[in-house]
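I opened my notebook to look through this structure step by step. Here is what I looked up, in the order I went.

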Amino acid sequence: KAGIPLGVMKVLDPRQLKPDTTETERILTVLDETIVKLEITRLIPRIIGSLERYARMLGPEITSSLLEHQKLAEEIQHLLASPGDEESMRAVEQRLKCSLRNILRLFLANPLLYHGLKYKVRVRESPADVFIKAFVEFRDFTLEKLLTSPDEEKEKIQFMKDISLRVEKNTETISALQEELAAVIQARDEELIRKDETIENLKTSMEDLAKDYKAELQHITEEGENQQKEDEKASKDRCARMKQDVHLLGIRFSALVVEHRASELVLRKEKCKAEREIQKWVQKYDIDMEEKQATYEELQAVYDEEKEQLSLLMEKHALLLQEYTEIEEERRRLKEKEEEAAREEARRNDAATRIQAFWRGYLVRSVYKSKLKKGKGKGKGK
């Protein structure tokens with residue numbers, strides 16, 4: 001990992017792939033909703049086939065929509081079996097599309113129902129699974145492209161080029177070593193062939209020498225029958241010299257054999273050394289490839305685990321979102337009630353204030369009138 005650029009690590013590590021802009025989140029939301037719609041569409045035929053089993057879970061609205069969708073599908077099949085009226089076919093197809101959109105809208109409005117059916121309904125493998133898997137890969141690829149900057153893309157491309165160059169260099173090294181080994185083996189074989197030819201020539205020379213010796217001995221015997229006694233000593237000396245020559249030739253032959261075997265041993269050692277060197281390079285290459293494969297498997301395992309955790313978190317998020325919506329709705333109603341009560345209390349306080357002000361004014365006016373009446377009475381008495 002120390003030798004891998006940061007941009008490449010960001011692409012290889014799914015935990016670093018997070019939306020960084022609103023546009024990216026919107027694009028991913030559209031792709032995720034499309035994946036969910038595809039999965040729901042894949043489940044619809046299986047649900048319709050066992051509608052009585054899932055009717056209680058689906059509810060009357062979705063059940064009636066599925067029944068209507070089944071009728072339209074059967075009508076389409078009937079029209080396909082007996083082609084003729086294209087306008088009726090197009091009308092039924094349009095109704096079927098509208099029915100499918102309505103069913104998808106109902107399922108999307110209740111995500112808990114979709115997740116429950118997803119793990120309860122068993123669907124066989126079909127070409128739709130391949131398409132959904134490809135679309136999910138397209139979604140991941142789109143996310144990677146959206147979150148990968150041009151500099152990171154260049155780093156990734158450069159990193160892959162460096163790996164290719166290293167593999168190509170290792171391949172060229174192995175090819176050169178193989179060619180060198182083939183040349184050494186060929187040279188050794190040629191040397192062995194030359195030495196074998198030399199040995200054969202020596203054997204032929206020895207056989208010819210032996211034949212000549214026998215012929216000469218026979219000739220001498222035939223010529224020296226009458227002079228055997230006189231030439232016996234000379235004949236014995238000559239035989240001794242001939243034997244000595246044969247012995248010397250045998251020693252020379254043995255020496256050549258020993259020399260050739262020593263040379264062959266040296267060549268064998270060189271061959272073994274070259275084979276060990278090649279094996280060492282091959283093992284080193286295998287170890288490097290195993291380490292890279294292990295790293296890839298670890299990254300794949302982390303990716304699968306993170307993906308599974310993300311799925312669980314999405315399910316929990318859907319549940320929490322629904323609960324949060326209900327709580328917010330309850331809070332809104334309570335807040336409206338509190339505001340209405342506050343407004344009513346304010347109206348009552350305002351009315352009470354007005355009544356009290358009116359009452360105090362009335363009392364003041366009453367006291368003032370009584371005082372005026374008393375003052376008038378005293379004036380008349382005087």
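What pattern does the protein chain follow, read along the sequence? I read it off as α-α-α-α-α-α-α-α-α. A reminder to myself: this is a predicted model.

**Entry 1: the overall fold**

I looked up the helices and strands next. The protein chain has 9 helices and 0 strands. I also checked burial, and found that buried residues make up 17% of the 382 residues in the chain.

**Entry 2: the nonpolar cores**

Which residues touch the most other members of the largest nonpolar core? That core holds 16 residues, and I noted Ile47, Leu58, Ile62, Leu66, Phe107 and Leu117 as the ones with the most contacts to other members. Then I asked which helices supply at least two residues each. My list reads α2 (22-49), α3 (51-58), α4 (60-81), α5 (86-109) and α6 (111-120). Of these, α2 gives the most, with 5 residues. I also found a second, separate core of 5 residues, and Leu31, Ile35, Phe135 and Val136 are among them.

**Entry 3: a cysteine in α5**

I picked out Cys98, which is found in helix α5. Buried would need under 20%, and exposed over 50%. I then compared Cys98 with His69: the two are 29 residues apart in sequence, and their C-alpha atoms are 9.4 Å apart in space.

**Entry 4: a patch of negative charge**

Which residues gather in a patch of negative charge on the surface? I wrote down Asp196, Glu197, Glu200, Glu207, Asp208 and Asp212. I followed one of them, Asp208, and placed it in helix α8, which covers residues 150-223. Asp208 has 37% relative accessibility, so it counts as partly exposed.

**Entry 5: salt bridges**

Side chains of opposite charge can pair when their charged atoms come close. How many salt bridges does a search of the whole structure find? The search finds 18.

I started with Glu344. It forms a salt bridge with Arg347, and the closest N and O atoms are 2.2 Å apart. Why are Glu344 and Arg347 separated by about one helical turn? Because they are 3 residues apart in helix α9 (residues 228-381). Glu344 is partly exposed at 29% relative accessible area, and Arg347 is partly exposed at 44%.

The side chain of Glu344 also meets that of Arg348 in a salt bridge, at 3.6 Å from N to O. Glu344 and Arg348 are 4 residues apart in α9, again about one turn of the helix. Arg348 has a relative accessible area of 54%, so it counts as exposed.

Next came Arg354, which forms a salt bridge with Asp350, the closest N and O atoms being 3.4 Å apart. Arg354 and Asp350 lie 4 residues apart in helix α9, so about one helical turn separates them. Here I found Arg354 exposed at 59%, whereas Asp350 is partly exposed at 39%.

Methods
Residues are numbered from 1 along each chain as its sequence is written. This is a predicted model: local features need pLDDT of at least 70, side-chain atom pairs count only at pLDDT 80 or more; totals for chains, interfaces and linings use all residues. Side-chain values use heavy atoms; hydrogens and water are left out. Patches are made of residues with over 30% relative accessible area and no salt bridge: like charges are joined within 9 Å, nonpolar side chains (Val, Leu, Ile, Met, Phe, Trp, Tyr) within 5 Å. Accessible areas come from the Shrake-Rupley method with a 1.4 Å probe; for residues, only the protein chains shown count as cover. A salt bridge is a side-chain nitrogen of Lys or Arg within 4 Å of a carboxyl oxygen of Asp or Glu. Lys and Arg count as positive and Asp and Glu as negative; His and the chain ends are not counted. The place of a charge is taken as NZ of Lys, CZ of Arg, CG of Asp or CD of Glu. Buried means under 20% relative accessible area, exposed over 50%, partly exposed in between (1.4 Å probe, protein chains only). A nonpolar core is a set of buried Ala, Val, Leu, Ile, Met, Phe, Trp, Tyr and Cys residues joined through side-chain atoms within 4.5 Å.
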